[in-house]
Amino acid sequence: MTEAVSRPTLEAVAARAGVSRATVSRVVNGGDGVREPLAERVRRAVEELGYVPNQAARSLVTRRHDAVAVVIAEPETKVFADPFFALQLRGISKELTAHDNQLVLLLTEGRADHVRVARYLAGGHVDGALVFSLHLDDPLPGLIQDAGVPTVFGGRPGWGEDTPAADPGVAYVDCDNRGGARAAVRHLLDLGRRCIAHITGPLDQTSAADRLDGYRDVMADVLGESDPRLVVESDFTPAGGERAMRELLDRCPDVDAVFAANDLTALGALRVLRESGRRVPEDVAVVGFDDMVPVTEQAEPPLTTVRQDIEEMGRLMARLLLQGLSDGRQRPRTLPGAPAVPDSPGTAVILPTTLIRRASA
């Protein structure tokens, strides 16, 4: 048996600081109207006594839980296998921690999980939600809107004109997927390659669709049109990259370059090219997308890729949400000075991409 240690109370802090209980409550809960000398006495007393606010009681006063849900619309097997999600979660976690907020991770395996997540959000357990890796048929945007939870999305909304995500006021953070894809394909053309293939990501996600559009933009500008035989849909995984590369070699044995929709896909493509006796980059040049160090370090040869700042995207998602909450608005606004989509209402942040040249192309 151990003896329970009593927790310091508001009354004890008030007695130590020589102020009223109401004054302590206002200082602890971030309220206004307390002169700075008194507030400093309260803060000192809190530190000396080791007082920890009761979160339930604090929530009744502030109507805030200091907790944010991070909803990833993917099964756990994919989330924990793909370093993209770890990088984005790291950025989110850093920003939330800096503002003394807790991260609540919610994953969706199927339709039953969508209902569970929506019920949790509607239950008032968190102050807002950060949602990413959505697919076109995903019901989460509508369920989240029904829950009335302030939300920032990761990735460009593209879930149809009759869905909540089509609302021009929706806040989101993304990278310049289309521009990055254009840079990748132009680089391959500059190397003298002409039979350039593209292994896409899942085309029910806007990032993959935008990268395909960027590929088609450049191929159409230079060659007049893009050959549909040179495009194979995949799923952002190494195994998917292997399957797609084999299909490409069967269709077009003379392919001399590949733009893969992400680095994991590029890894799979590189394996198949080695197995088939193709030299990289001499016979086939390869470019990826993401520049995830844990992945690019595995590539042989080192992978040329399009860099997006994944951790920064997560950090900005969290900052946008917290800023909106502190402003007291249902929907957050963009950061001052942050790049925005042209003609947008000011709720989008689009980060630039950069081509990183290495040995594969």
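**Close-ups of a predicted model**

In β11, V349 is the bridge partner of V173. This is a predicted model, where local features need pLDDT of at least 70, side-chain atom pairs count only at pLDDT 80 or more, and totals for chains, interfaces and linings use all residues. Residues are numbered from 1 along each chain as its sequence is written, and side-chain values use heavy atoms, with hydrogens and water left out.

**View 1. Strand β5 and its two partners.** Strands (E, at least two residues) and helices (H or I, at least four) are DSSP runs, numbered from the N terminus. Two strands pair if DSSP finds at least two bridges between them. β5 and β11 pair in the parallel sense over four bridges, and D174 sits opposite I350 in β11. β4 also runs parallel to β5, joined by three bridges, with V152 opposite A171 in β5.

**View 2. Which way do the side chains of β5 point?** A171, V173 and C175 go one way, Y172 and D174 the other, and all are buried. Buried here means under 20% relative accessible area (1.4 Å probe, protein chains only). Five of the five residues of β5 are buried, so the strand is largely enclosed by the rest of the structure.

View 3. Six strands line up in the order β2-β1-β3-β4-β5-β11, with parallel pairing. β2 (102-107) and β11 (348-351) stand at the edges with a single partner strand each, so one side of each has no neighbour in the sheet. On average, neighbouring strands are turned by 20° against each other, direction ignored. Helix α7 lies across β1, β2 and β3, running at about 155° to β2; axes are lines fitted to C-alpha atoms (for helices, over the stretch in contact), and angles run from 0 to 180 degrees between N-to-C directions.

**View 4. Helix α8 and what it packs against.** In α8 (residues 140-147), L140, P141, G142, I144 and A147 are the buried residues. They pack against β1 (67-72), α7 (111-122), β3 (128-132) and β4 (151-154), where contact means heavy atoms within 4.5 Å. Just after the helix, G148 takes a positive phi of about 70°.

**View 5. What lines the largest cavity?** Its lining divides into nine nonpolar, 11 polar and eight charged residues. Ala, Val, Leu, Ile, Met, Phe, Trp, Tyr, Cys and Pro count as nonpolar, Asp, Glu, Lys and Arg as charged, and the others, Gly among them, as polar.

Terms used: Buried means under 20% relative accessible area, exposed over 50%, partly exposed in between (1.4 Å probe, protein chains only).
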